[in-house]
Amino acid sequence: MNQIELKSLLADRSPETPAGRIVRTLSERGSMSAAQLARLTGLAKSTVSTALSELKRSNMVVETGSESAGSVGRPATTLTLNPEAGTCIGILIGQSEIQVIVADVSHQILSDATAVIEPDYSPARGVEVVRELIDAAYANQWRSPDALLGVGIAVGGPVSPITGEVMRGGIPNWAGVNLHEMFGPMFDAPIFADNESNCSAIAEMTWGAAQGFEDFVLYTLDLGVGGAIVSGGRVLRGIAGGAGEFGHVVIDPDGPLCRCGNRGCLEVYASFREPLAAAERHVGHALRIADVVRLALDGDETCRRLIRQAGEAGGRGLGLIGSVFNPALVVVSGRLASAGALLMDPLAESFERFSLVKGRDMPDFARTLLRPSAFVDNGACMGAVGLVLRHHGQPLNLPH
Ligand SMILES: [Zn+2]
């Protein structure tokens, strides 16, 4: 197998050859049958079959097994890129943790490790921890880091698509840091970076609740409120990486002060910060959001009410987003999403009330779907892996 050839096929942004399109599709979607490949690439079945024979001969594509094609007919063989062909690294630069996932090109996770780090850590210290986690991951694997196809970085703040600079501090000490300068010397492979929400959207699109959707909105309800906009299978990043920052749409300029410095942002009303404090007063000790969700699911009335109210407030904000995008799908993410119907029902009700286009007036196919996210904790880091598999955006370390 020719690894250079695979690298170049993956990096080709608009592959013209059938082989290039097949490799890109398998990289983006994981395993699938030849019939699915034909449908997704728009190539004739015979063209797919010829190209696949060549790709299998050069060992770039392998058969992984079979999946039932329904009650009639024999099961279809599924194909993936050869897992031996290369690895991708996903890195999450979090508030108080750093996570590194190593996966291969067949979408198999080889290692997933998180290190807790002091909240005001310096970028240099962060890079050191990343290096330790990567060294440990590869030491435990039989695969060599030489086969690295790319690195994705998820960071809690907008990342400039042009310079690779973290534009605003979602994390203390990281505002103004140039990710290319920090991580470039460490890797001899393309580096991709985006903010956490955008990475979560990529994870949902690739493996989660938005599979099969090319256009959707991710809406995050947590201590912060945020999101991402996906259009035509690409995350909209904006000129400075700030697209999809739903939490900081100003609802009331005379409202309470927001952590961003403005007043009356959506986040002030829809964040779970205050409700979490109220839940702590209710039980008399410190809680995490997951604890409040568990108490609510166990029947605690106060916690149920707090989550319901968060859903109502979140739905008001979502009405605004719905009026701007009228999306086919909204994936509700953040730790509150694990409350299921306790959150989703009041959210959907409030969304309907505050939307211009009412679902009840629409036929089924024209109604916005609301779904909780599939990923609860490691969505952003998986999305960082997805940045590489999907070659999302221009790599930081290649000329623009
Ligand atoms: Zn704000």
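Student: Which residues line the largest cavity?
Tutor: The model is predicted: local features need pLDDT of at least 70, side-chain atom pairs count only at pLDDT 80 or more, and totals for chains, interfaces and linings use all residues. Residues are numbered from 1 along each chain as its sequence is written, and side-chain values use heavy atoms, with hydrogens and water left out. On a 1 Å grid over the protein atoms alone, a cavity is a set of points where a 1.4 Å probe fits but cannot get out, and lining residues have an atom within 4 Å of a point. The residues that line the largest cavity are R29, M205, A210, Q211, G212, F213, E214 and R390.

Student: How many of the residues lining the largest cavity are charged?
Tutor: Asp, Glu, Lys and Arg count as charged; Ala, Val, Leu, Ile, Met, Phe, Trp, Tyr, Cys and Pro count as nonpolar; the others, Gly among them, count as polar. In the lining of the largest cavity, three residues are nonpolar and two are polar. The number of charged residues is three.

Student: How much space lies in the largest cavity?
Tutor: Grid points are joined across faces, edges and corners, and a volume is the space filled by probe spheres set on the points. There is one cavity of 30 Å³ or more. The space in the largest cavity is about 40 Å³.

Student: What volume does the largest pocket have?
Tutor: A pocket is an open set of grid points with protein on both sides within 12 Å along at least five of seven lines. For the largest pocket, the volume is about 1,500 Å³.

Student: Which lining residues are closest to the centre of the largest pocket?
Tutor: The lining of the largest pocket holds 49 residues. By class they are 13 nonpolar, 24 polar and twelve charged. Closest to the centre are Q95, E196, T220, D222 and G224.

Student: Which element gives the most residues to the lining of the largest pocket?
Tutor: Elements are DSSP runs numbered from the N terminus, with helices (H or I) of at least four residues and strands (E) of at least two. Two or more lining residues come from each of β5 (97-104), α7 (196-207), β9 (216-221), β10 (225-231) and α13 (379-389). With five residues, the element that gives the most is α7.

Student: Between which domains does the largest pocket lie?
Tutor: Domain bounds come from an automatic or database domain assignment, and the protein is divided into domain 1 (3-84), domain 2 (86-201 + 379-389) and domain 3 (210-372). Two of these domains both give residues to the lining, so the largest pocket lies between domain 2 and domain 3.

Student: How far apart are the C-alpha centres of domain 1 and domain 3?
Tutor: Domain 1 covers 3-84 and domain 3 covers 210-372. Their C-alpha centres are separated by 37 Å.

Student: How many residues of α13 are buried?
Tutor: Buried means under 20% relative accessible area, exposed over 50% and partly exposed in between, with a 1.4 Å probe and protein chains only. The buried residues of α13 include G379, C381, M382 and L389. Of the eleven residues in α13, the number buried is eleven.

Student: What arrangement do the four donor atoms make around the zinc ion?
Tutor: Donors are N, O and S atoms within 2.8 Å of the metal (3.2 Å for Na, K and Ca); water is not among the atoms, so sites may look incomplete. Here the donors are H248 (ND1), C258 (SG), C260 (SG) and C265 (SG), at 2.0 to 2.3 Å. The angles are 104 to 122°, which makes the arrangement tetrahedral.

Student: What spacing do the donors of the zinc ion follow along the chain?
Tutor: H248, C258, C260 and C265 coordinate the zinc ion, and both C258 and C265 are buried. Along the chain the spacing of the donors is H-x9-C-x1-C-x4-C.

Student: Is H107 buried or exposed?
Tutor: H107 is in the loop between β5 and β6 (109-116). Although H107 is not a glycine, its phi is positive, about 75°. Its relative accessibility is 15%, so H107 counts as buried.

Student: What is the phi of N326?
Tutor: N326 sits in the loop between α11 (301-325) and β12 (329-333). With 45% relative accessibility, N326 counts as partly exposed. N326 is not a glycine, yet its phi is positive, at about 40°.

How values were computed: Tetrahedral: all angles 85-135°; square planar, octahedral: opposite > 155°, others 65-115°.
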